[in-house]
Amino acid sequence: TALPERRRPGGGRPRYEVVRELGAEEVRWFYREDRKTWKPFIGYDSLRIELAFRALGGGGGAGDPAAVEPVCVRSGLYEVDVASAESYPVYWNQTEKIPVMRGQWFIDGTWQPLEEEESNLIEQEHLNCFKGQQLQESFDMEISKPVDGKEAIHSLKLSRNHVDWHSVDEVYLYSDATTSKIARTVTQKLGFSKASSSGTRLHRGYVEEATLEDKPPQTSHIVFVVHGIGQKMDQGRIIKNTAMMRDTARKVEEKYFSNLATHVEFLPVEWRSKLTLDGDTVDSITPDKVRGLRDMLNSSAMDIMYYTSPLYRDELVKGLQQELNRLYSLFCSRNPEFEEKGGKVSIVSHSLGCVITYDIMTGWNPVRLYEQLLQKEEEELEESWMSYEERRLLEELYLTKQRLREIEERLHELKASTISKPPVLKFKVENFFCMGSPLAVFLALRGIRPGTSGSQDHILPRTICNRLLNIFHPTDPVAYRLEPLILKHYSNISPVQIHWYNTANPLPYEHMKPSFLNPSKEPTSAPDTESASAAPSPTTSPVMVRRHYGESITNIGKASILGAASIGKGLGGMLFSRFGRSSATPQTMETGKDGPEGDEKKATTVGTPPLPHSSSGFLEPTVELEHRIDFELREGLVESRYWSAVTSHTAYWSSLDIALFLLTFMYKQDQEETDKSNLDTI
């Protein structure tokens, strides 16, 4: 691979130069995570670490370690303690410290730094011998050239290697292992030079100068990532999952949102490890047989039981609420301009985390449900026939309860009440993304039933959270739909299909029309034949319309029941949509060209008054949701349904499709403002 050119911000450094000590901009600092290769800090971070290092006395001066503050790096997520050469996260706890290293001498080709001890020795020797001498180096010729016939003008012995200087700027590193020595002797006898046969060329100073302009964009939107069950079993898992989501989002950001001057930051919310709950009581009553399986269930599924327990529910809610508020306050204290510039906050929750987050935002409490039940019983009692004595006692009870409430309110005003208030967050939630969420089941069991308006307010008021989005994999056994809890007929309307991240010109989600989902579970050949005889026109065929969204094989089968022109056509549609996935197919390109107008034309064609069991795949214009809430991931090309059911619940974190989906909604306003300003300029 071609080496990156050495960028010189000041118009390049002169070709002839005197050897001097390395400037702060030529040194590059590195960090290493999970014992992998060393990764360079960006210029902005590296330069600030180097200046702190020099202030500490690393550059020859005598600094005071207490006076040097930790350096904030990697978009403010980590700090570097220069004195101990370690980096650590700011917003979460991590047992493993991340080592950092100062790079001065680098290996040709990979630009990986030499170990610091060796690097320091080579640098010291280099300055002792060549300081003040003329240096001739062409920065556009970074490929190492063999130095045939040249003898080393200077040599330095290290513990396992030695370094030869063939000239001021031609330095080679050789291994002193026995095998390397033998290989060198043989190749030299064959006529090859020592350097070209077994040497590794070294470069002094990094390939790219560090500048303060090379800095990350400002964070305009923070996303709290909340875990579900199983965190006790695998501590720190949410930190790794959030890191996966962050890395995936960075790739998508670079590809689709690089024109925007701001970016989205993901912060893990680890609420489980600090809770004591029952201590070790459950462990003590667990039988010993199949202990591994029992421990796994105790560490994961037990969280659901804790949450439904009136004794421990509040502890879980308080744990998450406090952690969310702590992280938000810490972020704002370190980024004072975030609130001033109207920074937004979204929450991505997984599994049980969705239910707890929902309860925190809405302040829902089982006590409220119990009070509603008592009120209902009182109403029923009032309607039934009672004797004079019973009615008198009931009235007395009602007056006593009213008096009790008044006393409680007065007590509450005088001092902090012992009755727990509904938890409150310090911020307004812009988007609440649920992933693999059982929230719908919890709401259904709390008595929420479908209404008549298509507003999200029916389950989550817009004053609390601007937008609710429910993401799930079609085979995730823990996930449930939310839309049928708002409008019942949405149980027959398919969830919106999430675009593949590499789809060319995808149709915006707000322009995707609702389409019917046939209630039949598995299509068979018989209904296909019947539907073929019905043969609606190609313009109204749901297979053709849904084909734009590259839908899964099952749904194509379902759509063909609603009306494919023929079995062959249905199969063709299946193959077309399944295997035309990654490239920009002519069909997809057409969709992109048509845009919203083309989609409206199609909608007009199929929007004619449908038959009782509409053969058109689209929803008749009765009551529709203001915004769609259920979004479904597409199934893989070769994916076993049963295996997928096991793995899909934890497969959300590294999905590029989900990363693009999240960023599409979070950057929506920024994107619209940018497009508008571009149009104004034109």
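Tutor: Start with a term: a residue counts as buried when its relative accessible area is under 20%. By that rule, 45% of the 682 residues of the chain are buried. Keep in mind that this is a predicted model.

Student: How many helices and strands are there in the chain?

Tutor: The chain has 22 helices and 20 strands.

Student: And what about the surface, how much of it belongs to carbon and sulfur atoms?

Tutor: The accessible surface of the chain is about 36,100 Å², and carbon and sulfur atoms hold 56% of that.

Student: Let's pick a sheet. What is the order of the strands in the open sheet of 6 strands?

Tutor: The order is 3-2-7-6-5-4, and the pairing is antiparallel.

Student: Which strands stand at the edges?

Tutor: Strand 3 (39–40) and strand 4 do. Each has a single partner strand, so one side of each has no neighbour in the sheet.

Student: What holds strands of a sheet together in pairs?

Tutor: In general, strands pair through backbone hydrogen bonds, in a parallel or an antiparallel way.

Student: Back to strand 4, then. How many bridges does it have with strand 5?

Tutor: There are 3 bridges between strand 4 (residues 71–73) and strand 5 (residues 78–81), in the antiparallel sense. One example is Cys72, whose bridge partner in strand 5 is Glu79. The two strands make a hairpin with 4 residues between them, and Arg74 in that turn has a positive phi of about 55 degrees.

Student: Which residue is the partner of Glu79 in strand 6?

Tutor: That is Tyr88. Strand 5 and strand 6 (residues 86–89) run antiparallel and are joined by 4 bridges. They form a hairpin as well, with 4 residues between them, and Ala85 in the turn has a positive phi of about 55 degrees.

Student: What about strand 2 and strand 7, how many bridges there?

Tutor: Strand 2 (residues 28–31) pairs with strand 7 (residues 98–103) over 4 bridges, antiparallel. Tyr31 sits opposite Val100 in strand 7.

Student: Which strands does helix 1 lie across?

Tutor: Helix 1 (residues 43–55) lies across strand 2, strand 4, strand 5 and strand 7. The helix runs at about 165 degrees to strand 4.

Student: New topic. Which residues form the nonpolar patch with about 360 Å² of accessible area?

Tutor: Val290, Leu293, Met296 and Leu297 form that patch on the surface. Met296 belongs to helix 7 (residues 291–299).

Student: What is the relative accessible area of Met296?

Tutor: The value is 38%, so Met296 counts as partly exposed.

Methods: Residues are numbered from 1 along each chain as its sequence is written. This is a predicted model: local features need pLDDT of at least 70, side-chain atom pairs count only at pLDDT 80 or more; totals for chains, interfaces and linings use all residues. Side-chain values use heavy atoms; hydrogens and water are left out. Patches are made of residues with over 30% relative accessible area and no salt bridge: like charges are joined within 9 Å, nonpolar side chains (Val, Leu, Ile, Met, Phe, Trp, Tyr) within 5 Å. Accessible areas come from the Shrake-Rupley method with a 1.4 Å probe; for residues, only the protein chains shown count as cover. A salt bridge is a side-chain nitrogen of Lys or Arg within 4 Å of a carboxyl oxygen of Asp or Glu. Buried means under 20% relative accessible area, exposed over 50%, partly exposed in between (1.4 Å probe, protein chains only). Two strands pair if DSSP finds at least two bridges between them. Contact means heavy atoms within 4.5 Å. Axes are lines fitted to C-alpha atoms, for helices over the stretch in contact, and angles run from 0 to 180 degrees between N-to-C directions.
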